[in-house]
Amino acid sequence: MRDTTQMQPKPKRPTGVTVLAILEILGGLAGLVGGAALIGVAALVSSSDFATLYPQLAGIGSVSTLLYALGALALIFGILGLVLGIGFLGGKGWAWTLGIVVGVLNIVVSIAETAIGFTSNIIGIIFPIIIIYYLMRPHVKAFFGKGPAMAAGMQPPPMMSSSMPMGSAPMGSMGKNCKNCGASIPAGATRCPSCGASV
């Protein structure tokens, strides 16, 4: 028997997810270009021809090492951005998890940079918080398969009123029983699926 959960149509991609995906892909491409440029400059600086032409810069070897390291880091983040953007477009569950992890890491790095006085990167703290909040929204989680998908036009189940007797209906998604035929009624339904009586 085929799994019915796999037959359900995938929710439509939210506009915000598309925007995030485009930003991640553009950032990834910029990281790849910047990383390649830094590594190219580092190779040029560390070459013997450069040292011959500019002997006064003989001690620049440490700078080239730093440029190599920064270039490699930029390439890693560029690849990460491309992978994340493509995962966002496809609504992959791992992309949602990776987006949360990257957002938390960005917040930690920005706070650390601000604490040591390297830079006061408030945007680097606020922007990831907004992204994490957005990714935690129910309709966004549903798109990534991290939450229940709701059918179009379907409203979430109503909250139980405090005036209702405690034993009249089970809490949560269990629903309640029809007063007419006793059949189980899903939460949020307005009619009994068995006899059609109004709830």
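**Notes on the model**

Modeller: Start with Gly34, which is found in helix 2. Helices are DSSP runs of H or I with at least four residues, strands are runs of E with at least two, and both are numbered from the N terminus. This is a predicted model, in which local features need pLDDT of at least 70, side-chain atom pairs count only at pLDDT 80 or more, and totals for chains, interfaces and linings use all residues. Residues are numbered from 1 along each chain as its sequence is written, and side-chain values use heavy atoms, with hydrogens and water left out.

Biologist: Is Gly34 buried or exposed, or in between?

Modeller: Gly34 counts as partly exposed, because its relative accessibility is 27%. Buried means under 20% relative accessible area, exposed over 50%, and partly exposed in between, with a 1.4 Å probe and protein chains only.

Biologist: Ser46, then. Where does it lie?

Modeller: Ser46 lies in helix 2. Ser46 has a relative accessible area of 40%, so it is partly exposed.

Biologist: What does Ser46 touch?

Modeller: Leaving out residues up to four places away in sequence, Ser46 touches Ser64 and Tyr68. Contact means heavy atoms within 4.5 Å. From Ser46 to Thr65, 19 residues apart along the chain, the C-alpha separation is 8.4 Å.

Biologist: And Gly90: which helix, and which residues does it touch?

Modeller: Gly90 lies in helix 4. Gly90 touches Lys10 and Phe143, again not counting residues up to four places away in sequence. Gly90 is partly exposed because its relative accessibility is 33%. Gly90 and Ala21 are 9.5 Å apart, C-alpha to C-alpha, and 69 residues apart in sequence.

Biologist: Change of topic. How much space lies in the largest pocket?

Modeller: About 680 Å³. A pocket here is an open set of points on a 1 Å grid over the protein atoms alone, where a 1.4 Å probe fits, with protein on both sides within 12 Å along at least five of seven lines. The volume is the space filled by probe spheres set on the points, which are joined across faces, edges and corners.

Biologist: Which helix gives the largest share of the lining?

Modeller: Helix 5, with 8 residues. Helix 2 (15–46), helix 4 (61–90), helix 5 (93–115) and helix 6 (123–135) each supply at least two.

Biologist: What about the whole fold? How many helices and strands?

Modeller: The protein chain has 7 helices and 2 strands, in the order α-α-α-α-α-α-α-β-β from the N terminus. Of its 199 residues, 23% are buried.

Biologist: Where is confidence lowest?

Modeller: In helix 1 (residues 4–7), with a mean pLDDT of 47, whereas helix 7 (residues 138–143) is highest at 91. pLDDT is the predictor's confidence in each residue, from 0 to 100. The protein chain averages 76, and 71% of the residues score at least 70.

Biologist: Which part stays under 50 with 9 contacts beyond four places in sequence?

Modeller: Residues 159–173. Residues 151–156 also stay under 50, and the model has 2 such contacts for them. Where pLDDT is low, the predicted coordinates should not be read in detail.

Technical notes. On a 1 Å grid over the protein atoms alone, a cavity is a set of points where a 1.4 Å probe fits but cannot get out, and a pocket is an open set with protein on both sides within 12 Å along at least five of seven lines; lining residues have an atom within 4 Å of a point.
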